[in-house]
Each structure stands twice: as structure tokens, then as C-alpha cells.
Amino acid sequence: MTEIAVRVDHVSKSFRMYHERNQTIKSAIMRGRRSVHEDFWALKDVTFDVPVGSTFGLIGSNGSGKSTLLKCLANIYYPNKGSVTHHGTMAAMLEVGSGFHAELSGRENVFLNASILGMSKKEITRKFDEIVDFSGVEQFIDQPVKNYSSGMYVRLGFAIAINIDPEILVVDEVLSVGDAEFQAKCFQKFRDFKVAGKTVILVSHDTKTVQAMCDQAAWINKGELQVVGPSAPTIDAYLKSIKGLPE
Amino acid sequence: MRYLKELLKSRELLANLTMREIRGKYKRTVFGQLWSLVNPLALMLIYTFVFSLIFRIKPDVGDPSGQNNFALWLLCGLLPWTFLSTVINLGVGSLVANVGLIQKVAFNRIVLPLSLVGSAGYNWLFEMGVLVVALTISVGLLGGIMLQWIPLVIIAMVLLAVFAAGIALMLSIANVYFRDTQWFVTILLQMWLYLSPVIYPSSMVSTVSNQIGGIFGSGITLDSIYYLNPMVHFLDLFRVLLYDNRWPDVATWFICLAWAVGLFALGMIVFRRNERNLAETL
């Protein structure tokens, strides 16, 4: 048995779909009760293990629940049933540059953003040069980030997130950022992660990316886990299901 | 207890977010931090004009300091009040304003309202510093000493900050569920200002209370209701220390401590109960 990095154990997650939502006190009082709603199960009894050192892909169509699952993995949502267990430090990159303050300089934002992502000041100071180097915005690091081009903004955000150096990295579809050169740099970084025996979980509906990077994959459809296992057969099954639709 | 430990772990993040507020606030303004003084000074001018010159409110002369200056007396209460109202006003919206962050990153959410207490506290400290200088000069001319009271003033400031944090925690959660909260708060703060002895001394309320006696023939006096307002005690603390330069009653200290600890604990409980649902509720 290989070691388990993340265990997803019978996870179910529902959202309330409000027919009449009382977000004002008036409506709450007038109607007497809080609101009328219906539960929508975005995830139904999903169970799988992510082995240590693997690169694990989550695939599925839009609205299949993969982002919900990712947020459960990242401790942003909490499942209604079941549990998610991490073995090791975890960092999630669901959006780059979250919490950047437009008026502050790149330097100040690196410290701010990295601490939101859970790094201590000492670590940030130690890795600062590496982050700036990776982002390729050295020249502008003391400029306010509102003057950055969108590419620079995203690159800086990504550079911070990827330099947190966790044991488990959870990534949403943020790989499509930056130019080809930057993307190549990112892929290299992911490969380094793998070599270092770290676990990467990534979400994508681009099967090519998943094919190229992942050794394990899980396919989710309408909140239910369809296939989990080595990436090639999982992707095949997923593609077959899409082709099966009338064209 | 475990929660406090978690909070301690997030202290660097709290410090960084506080710095974000402080640095971001006066960026690209010519006067920078001085703006923090403008608001209380403008209020001081207008209140002094209206309440001292027109309404002829005369607070007691500082005992034993001998201070006799309405503007300084006013500021001793006005600065704590503006701090409280800033924390509450900004704190209410602190979660709603950071939707993006809450939905994308896992971190201890409590730092969002608390960072506002930090940044407002920083401004307040600056304002109080200026006030202390003014009071020292004024009392120095009268032959008294001001500086020895500063440590106690700082303790009182911490108590008020904890009290304000508790309120901000509760209201920030309430505002996630009912967006009306922020509008209510604006009105309630207005009423609270006039119900607190900021622009008039609480002794005036006691005078009226003694004239009326028990309300509607009952044993309840106006005073006994008035003193339910925690700000009466907090402002008393600040005025006695800063303006009168003497030891406040031990009872006043304990009442303020109880209010601060009680509301903060309540705020923590409310916040903790709802913290996990924030990402999806927002």
C-alpha cells in the first residue's frame, strides 16, 4: 500500500437553492420563517484516496461538481456528510492574486498575499527573491500593482502561490495564465514538485493537460464519482461519454 | 481556548491585513495620516460651537487637574467614541467586502473584522497621542502632571478595543445573513451617540433624574436606565483619567472589563458558529 496524502471519505455536499430568500429583515418577519429552499446535492457520496507523490487530476464537464469538491479539499466548504483528511500541509490555489491591494506595491502585496496563503514572515523573506524571480516582474516590484498588466498581475500571484512549497498543492484551472514561456515554467515547477515527492491535485476540463501531467485521475459527473484510477483509462472513459452524446 | 491558540497562529496575517488597511487608506493623499485628525477636529469645532457657546453646556472643572476647557473635555470622550463607531461601521461590512477572498482562500476568517479594529486602533492611538500632548501642555500651565496616567489610559483603550471587536464580530456575521444590518447600524450609532455622555456630561442626566424621581411612580430612575449603557462607563473612565487626572472608581473598571470580556466572548461564539458557512452563504 502506498501512503495516502488526502482521503476523501463518503463526501456529500448540498447547497440550498432558495425559492424565496429572506435576505432582508422585513421579508424574514413578514414570512415568519427564514426562507423556502430545496437542497441540491452537488456531491453525492464521493470516496477516493490520493496517494502521496502522485499528480491527481479531477475531470468532468461544467457543473459536474469538481470545483465544489476542490473547495471541500481546500477547506473552504465543509461537507455535509463524510470527511476530507489531509496528511501533510496543504495549500490551495483557486485564484491567483486573491487579496491583492491595488494601491500597494508588488513588494507589499507579496508579503500580504503570502501571509493570507499561510506563510510566515520569515519564510516569505527567505523566498522573496525566488518569488520575484519566478514572476519575472523584478523591474516593477516597487510599483503599485494597479499599474501592472493583467499578465504581470497573474504571474506575480501565481509565483507567490507556487512558492509556498506545501506537501499537498491543490490547483484550480489557473494554469491557463501567462504566455507560453511562463506556462512552461509552471509545468516545470509542477514536475519539480513531483520529483520532490509532493502531491498535486488539479482540476481541469482540458483533458490534454491532465493527460500530460497526471498519473491518477478521477472523473466526476453530476456530483457522482464515475471512474477513479490511472489517468489514461479515466480520461478515455470521460471522452467516450462525451462522444456518446448526439452530435 | 483552542480557538485562541488558532487566533494566535494567525497573528502575522492579522498584522499584515492591518497594515494593508493602514497603508492603503491614505495612499495618494497629500496629507496622509493627518487626515485621521481632521474628522475629530472638525467635529470638535462644530460641537464646541453648538454645545458650549449656544447651549451653554458646562462640564465640571477637572478635579484635581483644574482643566477647564470644553474642547479638550469633549475630545476626551469624542475620540473613544469615533474609534468605536469606526470599528462598528467598517466591521459590519468586513466579511461582505471580502467575498472574493473568503470564497477562494482558506484562512482564519476572524482576522477580517479584527484587522479593522487594528487599523482603526492605530489611527485612534495617533489621535490620542495628539490629545495627550495638548492635555499635557494645558495641565502643565496649571501646574499638574499628565504623563503618569498614560499607562492606565492605554489599559482603558485596550478594554474599549476588545469591547468594539466583540460588537464588530457579531454584526459582521449578522450582515452576511441580513444586509439590512449595515443600514440599521448607521441609525443606531447616531442614537447611541446622543444617548452617551459624549457631548454633555453624565452629571446633567443625574440632575434631571433627581428632578423626576421614579419614572411613572415606580422605583426605577432615569439614571438607573442610563447607566445600563456601557459607553457611559467607558467614557467616564477616559474622562476621569485624561481630564480629571485621578483614579477612576474600581467599580467603573470592573463594569468596563465585564462588558468588554462579555461581548467579546459572545462575538467569538457567534462568529465561530457561523464561520464555516461563510463561503457558501455570501
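This is a predicted model: local features need pLDDT of at least 70, side-chain atom pairs count only at pLDDT 80 or more; totals for chains, interfaces and linings use all residues.
**Entry 1: helices on the sheet**

I began with helix α6 of chain A, residues 180–195. I saw that α6(A) lies across β3 (55–59), β6 and β7 (199–203) of chain A. It runs at about 140° to β7(A). I then turned to helix α8 of chain A, residues 231–243, which also packs on the sheet.

**Entry 2**

Next I looked up the strand order. I found an open sheet of 6 strands in chain A, ordered β5-β6-β7-β3-β8-β9. The pairing is mixed. Which strands are at the edges? They are β5 (90–93) and β9 (224–230) of chain A, and each pairs on one side only. I wrote down the twist too: it averages 15° from one strand to the next.

I followed β5(A) to its partner. Strand β6 of chain A, residues 168–171, runs parallel to β5(A), and 4 bridges join the two. Within this pair, I noted that Ala92(A) has Val170(A) as its bridge partner.

I stayed with Val170(A). I set aside residues up to four places away in sequence and listed what Val170(A) touches. The list is Leu70(A), Leu73(A), Ala74(A), Met90(A), Ala92(A), Met93(A) and Ile201(A).

I then checked the largest nonpolar core, which has 138 residues. Which residues touch the most other members? I found Val170(A), Leu160(B), Ala164(B) and Ala168(B). Helix α7 of chain B, residues 150–177, gives the largest share of this core, with 15 residues.

**Entry 2: Val110(A)**

I placed it in helix α3 of chain A, residues 106–116. Is Val110(A) buried or exposed? I counted 26 C-beta neighbours inside 10 Å, so Val110(A) is buried; the cut-off is 20 or more. Leaving aside neighbours within four places in sequence, I listed its contacts as Ile124(A), Phe128(A), Ile131(A) and Ile160(A). I also checked Gly157(A), which is 47 residues from Val110(A) along the chain. Their C-alpha atoms are separated by 8.0 Å.

**Entry 3: chain B as a whole**

I moved on to chain B. I found 13 helices and 0 strands. I looked up its radius of gyration, which is 20 Å. A compact globule of 282 residues would have one near 19 Å, so the value agrees. The C-alpha atoms fill a box of roughly 55 × 55 × 35 Å along the principal axes. Buried residues make up 39% of the chain. For contacts with a separation of 6 or more, I noted that 78% join residues 24 or more positions apart.

I looked for a helix in the open. Helix α9 of chain B, residues 202–212, has 1 buried residue out of 11, so it lies largely in the open. Gly213(B) follows α9(B), and its phi is positive, near 80°.

**Entry 4: where the chains meet**

Last, I looked up the contacts between the chains. I found 21 residues of chain B in contact with 26 residues of chain A. Which elements of chain B give two or more residues to this side? They are α2 (11–25), α5 (99–104) and α13 (278–281) of chain B. α2(B) gives the most, with 6 residues. I sorted the residues on this side of chain B into 7 nonpolar, 4 polar and 10 charged.

Technical notes:
Residues are numbered from 1 along each chain as its sequence is written. Chains are lettered from A and ligands numbered from 1 in the order in which they are written. The radius of gyration is taken over C-alpha atoms; the globule rule is 2.2 Å times the number of residues to the power 0.38. A residue is buried if 20 or more other C-beta atoms lie within 10 Å of its own, exposed if 12 or fewer, and partly exposed in between; C-beta atoms are placed from the backbone. Two residues are in contact if their C-beta atoms, placed from the backbone, lie within 7 Å. Ala, Val, Leu, Ile, Met, Phe, Trp, Tyr, Cys and Pro count as nonpolar, Asp, Glu, Lys and Arg as charged, and the others, Gly among them, as polar. A nonpolar core is a set of buried Ala, Val, Leu, Ile, Met, Phe, Trp, Tyr and Cys residues joined through C-beta atoms within 7 Å. Two strands pair if DSSP finds at least two bridges between them. Axes are lines fitted to C-alpha atoms, for helices over the stretch in contact, and angles run from 0 to 180 degrees between N-to-C directions.
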